[in-house]
Amino acid sequence: MKVAMGQFAVSREWRDNAETCITLMTQSAAAGADLLVLPEGVLARDIADPDLVLKAAQPLDGPFLSLVLAASRENNMTTMMSVHVPTADSRALNVLIAIRGGEIIAHYDKLHLYDAFAMQESRNVTAGNLVPPLVEVAGMKVGLMTCYDVRFPELARRLVLDGADVLVLPAAWVKGPLKEMHWEVLVTARALENTCYLVAVGECGPRNIGNSLVVDPLGVAIAKAAEGPALVFADLDPARIAHARSVLPVLENRRFARPELK
């Protein structure tokens, strides 16, 4: 599988962000990518207005996704990103969507909300209550996670035990002391401890670190971006997973049952 990581700074205007997403989709498809992963919360962002995620939220049939879905009809590539979707009680869900051929083929409501480091995502966002689905892309099974989820090893392990070869993680990882280290350590650990690939794509800009990366099943970072806008590619090889699981059979050697959502 050829994967693309489209790292960019999300603006206040959804039209600008839709245009950026579509440009990255066009460039990735032209380069032969099977999967494009974009950051978390691509509808709108403003560090001076933390409530914008709620004010700018759109339904899945709203104008932002209508434009993006139309663009996805031009190729066979799968694109994944996170958007905020309004709920009936005037709040929002943080929804990771997978689109292909002009359709939403899977979606996942973020389970773990970022109520940490003096921030409170739950102020505007309602947590999901279902384990994410797997999506097949280029013969490999992809599990869905979003940002803060990477700090909870149970979810990654559950997805891999369900059959995931690859974990995808759109994120908006906030800058701060040691935060870049946390990001790289956690992404590497989730890949290595589950002998799977992990594709982690971070938003860049004034608040967030960027630093998108792909880590392979033995904990090797095979592709990385810096702190600015970037489009980075990597090839994911099922043979590498098979090799890792033969020399490091942690999934076979485990003593604990499959994690369940409480």
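Reader: Which conventions apply to the model and its numbering?

Author: Residues are numbered from 1 along each chain as its sequence is written, and side-chain values use heavy atoms, with hydrogens and water left out. Because the model is predicted, local features need pLDDT of at least 70 and side-chain atom pairs count only at pLDDT 80 or more, while totals for chains, interfaces and linings use all residues.

Reader: What describes a pair of aromatic rings?

Author: The distance of the centres and the angle of the planes describe such a pair. Rings of Phe, Tyr and Trp (its six-membered ring) pair if their centres lie within 6.5 Å; planes under 30 degrees apart count as stacked, over 60 as edge-to-face and the rest as tilted. By this rule the count is three aromatic pairs. Tyr 148 and Phe 152 form an edge-to-face pair, 5.1 Å centre to centre with 85° between the planes. Together with Tyr 114, these residues form one aromatic cluster.

Reader: Why is the pair of Trp 173 and Trp 183 classed as it is?

Author: The planes of Trp 173 and Trp 183 stand at 50°, with centres 5.1 Å apart, so the pair is tilted. Trp 173 and Trp 183 are both buried, where buried means under 20% relative accessible area, exposed over 50% and partly exposed in between (1.4 Å probe, protein chains only).

Reader: Which charge sits over the ring of Phe 233?

Author: A charge sits over a ring if NZ of Lys or CZ of Arg is within 6 Å of the ring centre and within 35 degrees of the ring normal. The charged end of Lys 2 sits over Phe 233, 5.0 Å from the ring centre. Lys 179 lies over the face of Phe 117, 4.9 Å from the ring centre.
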